[in-house]
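Let's walk through this model together, from the interface between its chains to the ligand and the strands. Please keep the viewer open as you read.

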Amino acid sequence: MTWNQIFSTSVGKKITMSLTGIFLILFLVVHAGLNACIWAFDEGETFNKAAAFMGNNWVPRVLEIGLFGGLLLHIFQGYSLELANRSKRAVNYAIPYGNKGSKWYSRSMAILGTLLLMFLIMHIYQFWTPSRLGGMMGIEKLPEATYNGKEIHNLFYEMKEEFENPIIVVFYVLACASLGYHLAHGFQSAFRTLGVHNKRYSILLSSLGYGFSIFVPLIFALMPISFLFKLV
Amino acid sequence: MAHKSMNLTLKVWRQKNAKTTGQFESYQVKNISEEMSFLEMFDVLNEQLVQENKEPIAFDHDCREGICGMCSMYIDGKPHGPWQANTTCQLHMRAFKDGDTITVEPWRANAFPVLKDLVVDRTSFDRIIQAGGYVSVNTGNAVDGNSLPINKNAADDSFAAAMCIGCGACVAACKNSSAMLFLSAKVSHLALLPQGDPERSTRVMNMVAQMDKEGFGACTNTGACEATCPKEISLSNIARLNQEYLLSSLTASN
Ligand code: SF4
Ligand code: FES
């Protein structure tokens, strides 16, 4: 059995979804942890320094390439699975089984994922592009901040400016809600796909999954809210 | 207890054969006893249709006691009707009220094409079993119980998985028309016992390949299958199947 064959069956494709999903979950932890530095209440100094470290150190930069790769694979595989799965029932039921048999969000991963993708495009355009590619190809540069005589990007100031706009804040909060529901199913589903079936671990993982899907999106949602209400 | 009877409207899917497109037809049935089974109510309706010189409704059934898995009816938006852990033949009319309208559809999945009315072709399940759902050697007569020690939990899980009657309700309930609950029951039931152990890797690989070939979808762990399964086959069997698949592919020698 070749690697290609292993990953191209319906079970194999789910393994790809699950591994990339877990990788993205780990990324969320790092991202949330780093951004939580805005609550150091030092006008963004800690946060800007942490962001500069991530931007200038080669380890996170290499991981970042992996992140984009994993993300693209997750998106591509997700859509291809969704399309394939939808094609398996040519005639639909007059009365759908609906919420009687499963949670709505577990059946809506593609829609939730699409909302997240739309958010991500905007988010990358707002923050990632100017911070990594600012100055190149006519992309607007980020403002700079100077700490101990060293100039680094003032991402904190950029966030402050962006999140003055309540429409953007509402959009971010809605994206966090989509993320929460996507994770509420995705987290435990990823581990099931990897074969976790012992009662002990599946109970642990599903509680951990629900906890994670509430806690992490909440942290993210509180960031734009904090800026909007000038709490930081 | 007072014996109740009811009058009902039935909306039933009628389809001449696999090539035609079908449609719903409405029928009235009167004086249906609450003690009748759902299939007995269909017998009454069919008798009525025969007397009116109309074509009776084709539906699958065999044992009528919840063990053969033939009675495939999607009733009011749920395979096997409103009760939990129950087959259509074991569904009784007391589940309904006088004056109800009941909608009955066949299993819907490309891998289960409708043959006529409510009868679907489930030979795709047979071909999945033929791809590996067996032990290749004759294991002989039943041996003395203690000559082959088996872990109690493994035996319990294997028996629970062996409860699957191959009815296909899991496929019918799944938004992806996935056969993973069925397949995982078959794989688990054999993999957990020493007789099934030697062939466990080839079995899972071949059965998954056949499932894909038959046109079933991929599992996304929504749990709709488990919720509708008349034999309460647990979703954790699917996770076990995934583990079998992963280990088999990682340890394959070629
Ligand atoms: S797993 Fe349950 S629903 Fe699926 S075929 Fe077996 S008995 Fe029927
Ligand atoms: S007729 Fe055999 S299970 Fe219903």
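Buried area is the accessible area, taken with a 1.4 Å probe, that two parts lose on being put together, summed over both. The size of an interface is often given in this way, as the accessible area lost when the parts come together. Before we use it, some ground rules: this is a predicted model, in which local features need pLDDT of at least 70 and side-chain atom pairs count only at pLDDT 80 or more, while totals for chains, interfaces and linings use all residues. Residues are numbered from 1 along each chain as its sequence is written, chains are lettered from A and ligands numbered from 1 in the order in which they are written, and side-chain values use heavy atoms, with hydrogens and water left out.

Chain A and chain B bury about 3500 Å² between them, and 55% of that area lies on carbon and sulfur atoms. Three residues, A:Lys88, A:Tyr93 and A:Tyr97, supply 20% of what chain A buries against chain B, more than any other three residues. If we count contacts instead (heavy atoms within 4.5 Å), 37 residues of chain A meet 48 residues of chain B.

On chain A, helices H1 (3–8), H2 (10–35), H4 (58–86) and H7 (166–193) each supply at least two residues of the side that touches chain B. Helices here are DSSP runs of H or I with at least four residues, strands are runs of E with at least two, and both are numbered from the N terminus. H2(A) gives the largest share of that side, five residues. By class, the side of chain A that touches chain B has 15 nonpolar, 15 polar and seven charged residues; Ala, Val, Leu, Ile, Met, Phe, Trp, Tyr, Cys and Pro count as nonpolar, Asp, Glu, Lys and Arg as charged, and the others, Gly among them, as polar.

Side chains of opposite charge can pair when their charged atoms come close. For a salt bridge, a side-chain nitrogen of Lys or Arg must lie within 4 Å of a carboxyl oxygen of Asp or Glu. The whole structure has 15 of them over all chains, and the count between chain A and chain B is one. That bridge links B:Lys175 with A:Glu82, the closest N and O atoms being 3.8 Å apart. It runs from the loop between H4 and H5 of chain B to helix H4 of chain A.

Now turn to ligand 1. It is surrounded by 13 residues (a heavy atom within 4 Å), the closest being B:Cys164, B:Cys167, B:Gly168, B:Cys170 and B:Cys229. Helices H4 (169–173) and H5 (180–191) of chain B each give two or more residues to this shell. The shell has 11 nonpolar, two polar and no charged residues.

Last come the strands, which pair if DSSP finds at least two bridges between them. Chain B has an open sheet of five strands in the order E2-E1-E5-E3-E4, with mixed pairing. E2 (23–33) and E4 (78–79) of chain B each have a single partner strand, so one side of each is left without a neighbour in the sheet. In chain A, E1 (144–147) and E2 (150–153) run antiparallel, joined by four bridges, and A:Ala145 stands opposite A:Ile152. Two residues lie between these strands in the hairpin, where A:Asn148 takes a positive phi near 50 degrees.
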